[in-house]
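Here is a short walk through one structure. Keep the 3D view open as you read.

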Amino acid sequence: MAGGGRGRLGGLILALETSCDDTCAAVIDGPRILSNVVSSQAAFHERYGGVVPEIASRHHLELINAVVAAALEQAGASLPEVEAVAVTQGPGLIGALMVGLSTAKALAAAQRRPLVPVDHLHGHVAANYLQPDPLEPPFLCLIASGGHTLLAGVRDHAGFEVIGQTLDDAAGEAFDKGARLLGLGYPGGPAIQRAAEDGDAEAFDFPVAMSGKGLDFSFSGVKTALVYRVRDLAANEIEGRRADLAASYQRAIVDQLLAKLRRAAQSGGWRAIALGGGVAANTELRERTQALCDELGLPLKLVPISLCTDNAAMIASAARFTKPIPYPDYLDFDAFATDGRPLRAA
């Protein structure tokens with residue numbers, strides 16, 4: 001049972017995820033992933049240095065049917081065998097979300113199946129419930145991505161409590177903007193990590209905001225500091241010290257994430273720590289979080305990289321612990337683009 005006595009949704013679950021620029025579909029059976037298909041649009045957005053919402057929505061329209069068909073085929077399942085259809089309700093880009101939601105409603109209605117709306121952030125938490133080695137609550141989860149950075153206190157499967165969050169920019173956004181300033185391309189996180197491998201993380205002193213009290217984050221200051229640093233360097237200096245700039249900038253972002261994670265882990269009585277979101281794929285963050293857990297005597301759950309970035313298996317996993325909407329009650333159901341809604345499933 002999850003949370004306040006809710007039963008887990010059983011059988012095959014087909015899930016769709018289109019909150020940003022990846023078109024995703026997956027099929028799970030309990031905690032077991034039968035398929036997890038992701039069609040990335042990164043190459044289309046690279047020229048712009050970030051995701052263009054209108055382009056993302058149009059590509060979702062072109063790709064969604066083929067991605068769903070591939071997920072069912074890889075799972076060895078047919079649509080009539082699916083017990084429920086899950087979909088990301090938000091937060092995210094509203095046009096992109098509407099493509100996934102409309103498709104999910106159509107697929108569910110065609111079979112008179114229930115629809116399960118899932119909070120995208122609950123999905124990142126619920127990635128930890130999938131095989132191998134599903135993690136059981138309670139645990140502390142750091143979610144860091146291009147759109148979100150927060151500390152989630154997970155007491156049961158049904159949802160989570162936000163105990164700290166960014167007050168301005170997300171960590172992933174800081175990586176993207178930093179990579180653009182340094183001419184490293186998109187997506188920014190992997191680009192900065194590659195450049196940082198040959199750099200000295202102590203070469204430049206970037207600020208670690210809000211390193212004192214509290215559990216909230218702020219990344220606008222470190223971005224501004226990089227703007228000024230690049231402005232003050234000559235073009236040939238930037239070229240020669242790009243790796244050092246990348247390493248130092250990455251270190252400042254990870255330092256803040258680890259400082260808040262340490263403070264939260266020491267004050268909440270958690271049994272384990274987990275990471276989620278695209279920034280959780282960062283090697284320095286993973287290694288330093290492991291060192292922190294070793295120091296504190298806490299187990300660390302690191303899901304595969306494929307479950308850190310946006311994917312539909314995590315949405316299906318969250319759906320197991322979310323109340324489904326029966327047919328036809330969901331036909332006028334809508335998506336939401338921003339935060340400001342309950343983070344615990346109703």
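Begin with two rings. Phe204 and Phe206 are both buried. This is a predicted model, and the values here are computed from it.

Now turn to aromatic pairs. The model holds 6 aromatic pairs. In one of them, the ring centres of Phe204 and Phe206 lie 6.4 Å apart, with the planes at 35°. Stacked pairs need planes under 30 degrees apart, and edge-to-face pairs need over 60. The pair of Phe204 and Phe206 is therefore tilted. Elsewhere, ring pairs join Tyr129, Phe139 and Phe321 into a cluster.

Next come the helices. Find helix α5, residues 171-181, and helix α7, residues 220-232. Their axes come within 10 Å and cross at roughly 5°. Because of that angle, α5 runs roughly parallel to α7. On the α5 side, the contact uses Glu173, Ala174, Lys177, Gly178 and Leu181. On the α7 side, Lys223, Leu226, Val227 and Val230 take part. Sorted by class, this contact of α5 with α7 has 5 nonpolar, 1 polar and 3 charged residues.

Helix α5 has another partner, helix α8, residues 235-267. Here the axes are 11 Å apart, and the packing angle is about 175°. Angles over 145 degrees count as roughly antiparallel, so α5 is roughly antiparallel to α8. From α5 come Ala171, Ala174, Phe175 and Gly178. They meet Tyr249, Gln250, Ile253 and Leu257 of α8. What classes of residue make up the contact of α5 with α8? It has 6 nonpolar residues, 2 polar ones and no charged ones.

Conventions: Residues are numbered from 1 along each chain as its sequence is written. This is a predicted model: local features need pLDDT of at least 70, side-chain atom pairs count only at pLDDT 80 or more; totals for chains, interfaces and linings use all residues. Side-chain values use heavy atoms; hydrogens and water are left out. Rings of Phe, Tyr and Trp (its six-membered ring) pair if their centres lie within 6.5 Å; planes under 30 degrees apart count as stacked, over 60 as edge-to-face and the rest as tilted. Buried means under 20% relative accessible area, exposed over 50%, partly exposed in between (1.4 Å probe, protein chains only). Axes are lines fitted to C-alpha atoms, for helices over the stretch in contact, and angles run from 0 to 180 degrees between N-to-C directions. Helices (H or I, at least four residues) and strands (E, at least two) are DSSP runs, numbered from the N terminus. Angles under 35 degrees count as roughly parallel, over 145 as roughly antiparallel, 65 to 115 as roughly perpendicular and the rest as oblique. Contact means heavy atoms within 4.5 Å. Ala, Val, Leu, Ile, Met, Phe, Trp, Tyr, Cys and Pro count as nonpolar, Asp, Glu, Lys and Arg as charged, and the others, Gly among them, as polar.
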